[in-house]
Amino acid sequence: MSSAVASLPDDIDALRALCARQAEELARQSGQLQARDGLIDKLKEQLAVLRRARFGKSSERIERDIAQLELALEEIEAAEAETVPKAPVRSLVPKAKPVRQPLPDHLPRHEIVHDLGERSCPCCGGLDFLKNGTGVTEVLDYVPASFRVVRHVQPRFVCKGCDTEVTAAMPSLPIERGKPGPGLVAHVLTAKYCDHLPLYRQSEIYAREGVELARSTMADWVGRVNSLMAPLIEALRDHVFAGDRLHGDDTPVPVLAPGKGKTKTGRLWTYVRDGRLYGSETPPAVCYFYSPDRKGEHPQGHLKDFRGVLHADGYAGFKELYEAKPPKVLEAACMAHVRRKFFDLTGNGPAPIAEEALQRIGALYDIEKAIRGSPPDERLSIRQSRSKPAFDALQKWLKARQIEVSGKSSTAEAIRYALNRWQALGRFLEDGTIEIDNNAAERSIRPIALGRKNWLFAGSDKGGERAAGILSLIETAKLNGLDPEAYLRDVLTRIADHPINRIDELLPWCCK
């Protein structure tokens, strides 16, 4: 008989009282759990809504709200893990056991062998043992990144015949007469432009490791390396604009206005060349440009030599490109923007027209998902047989709904947005290499939206231009499946001595 059972009272009334107290305690704990679960669900719902809106208006405020909700969830989950319940409440529905993912095979293993110590049997005190197997427990640990000093030793020799002194050569450093090696510079660039860690924060982190690196020193490195890599950035941009299918977009970035102590709004423009969705083997690439404002002259300058299809939103600055005589650029509008207009209507209660529009648009996306990566002729054939009837039916349905609703309503505005761009929206039905949306460009501006605070410390328009160039290399490396820090380290190790007429050899897809 267990001790818990033995300690129970023999009196029936006492047992009933004990059961009643335990039932009350279980009910109280159950109520607490339900309240906590309800709060978690509510926070997750709010978080989902904010995440959907994070690239819209007031995005900076939304980012702060998201951070607060993330912190609230973190605190609740941490508190749950910390608290040990006095009496566990059994659920009628058995919980599924979490599936533990195996630790990655490529990570190095550090083995710690534990000894028995005194080697005495806890039962009989015996001292003789036979080995009966080994138990192995693997845990994932972290070893902080470390600095090291690399000593380049150059032996000097003297010719016995003529006394000429000869010194062994060493590769050029990325910063001439500077102290940083290519690995350190690559790490600083990746931390700032990929991991959204401004230089002053990096300086504080390195100081904790006993290495004093002033923010101004690292800023000098960034500027020098940007000049060193300028030919490579230009070669990357040439590759992007050599294609005949592009995705274009722009996003605001705050920049310090010199001498005013305030910020102004600059723009980063992105152009993506990526044919993988229609089976192209041409390496994908993305390039960025900075401008101090959003005037149409900037994209017109970027695309002055481009000929082909441009996937973009309804920005008026592209209009001159579309209307040029003879036409140089064909517009392919974005169905995702149309979908977003209707999706926003569903957040304020029942919206039957918006919900049906979403279902109809979703059917088009289901077809696109099925043919992703297929050759252009196959994509075109399926679109003509399946997508075109659904697309035409959607247009007819939208026109019918437009008559039914008030012209000043948000629903009418969403319908007009779609119908006014209908020809450009339907371009994907005419060519298997054209996409239904501009999501490739929107994905390329997401890292910028996450790291906007970095641009604040650029300090000038020149800083925006520098960021655009370095971001082009980092994001293209990611598109090609490379670790951006490893790629930059390789480039910075080689570029100072690399022939300028073979700069293409340092593009990301050549360094795999």
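What follows is a talk about charged side chains, cysteines and the backbone.

Visitor: What should I know before we start?
Guide: This is a predicted model, in which local features need pLDDT of at least 70 and side-chain atom pairs count only at pLDDT 80 or more, while totals for chains, interfaces and linings use all residues. Residues are numbered from 1 along each chain as its sequence is written, and side-chain values use heavy atoms, with hydrogens and water left out.

Visitor: How many salt bridges are there in the whole structure?
Guide: A search of the whole structure gives 22 salt bridges, a salt bridge being a side-chain nitrogen of Lys or Arg within 4 Å of a carboxyl oxygen of Asp or Glu.

Visitor: Which residue does Glu 442 pair with?
Guide: Glu 442 forms a salt bridge with Arg 340, at 3.1 Å from N to O. Glu 442 lies in helix 15 and Arg 340 in helix 10 (residues 335-345), so the pair ties together parts that are 102 residues apart in sequence. Helices here are DSSP runs of H or I with at least four residues, strands are runs of E with at least two, and both are numbered from the N terminus.

Visitor: Is Glu 442 buried or exposed?
Guide: Glu 442 is buried, with a relative accessible area of 15%, whereas Arg 340 is partly exposed at 33%. Buried means under 20% relative accessible area, exposed means over 50%, and partly exposed is in between (1.4 Å probe, protein chains only).

Visitor: Where do Glu 465 and Lys 462 lie?
Guide: Both are in helix 17 (residues 461-479), 3 residues apart, which is about one turn of the helix.

Visitor: Which residues are linked in a network?
Guide: Asp 244, Arg 245 and Asp 431 are linked in a network of salt bridges.

Visitor: Switching to cysteines, how many disulfides does the structure hold?
Guide: The structure holds 0 disulfides, where a disulfide is a pair of cysteine sulfur atoms within 2.5 Å. Cys 510 is in no disulfide, and the nearest cysteine sulfur, that of Cys 511, is 6.4 Å away. Cys 510 counts as partly exposed at 44% relative accessibility, while Cys 287 is buried at 0%.

Visitor: What about the backbone, anything to look at there?
Guide: As background, most residues other than glycine have a negative phi, and most peptide bonds are trans. The peptide bond from Lys 325 to Pro 326 is cis, with omega near -5°, and Pro 326 lies in the loop between helix 9 (319-322) and strand 7 (329-332). His 196 is not a glycine, yet has a positive phi of about 60°.

Visitor: Where is the place of His 196?
Guide: His 196 is in the loop between helix 4 (182-193) and helix 5 (199-208), and is partly exposed, with a relative accessible area of 24%.
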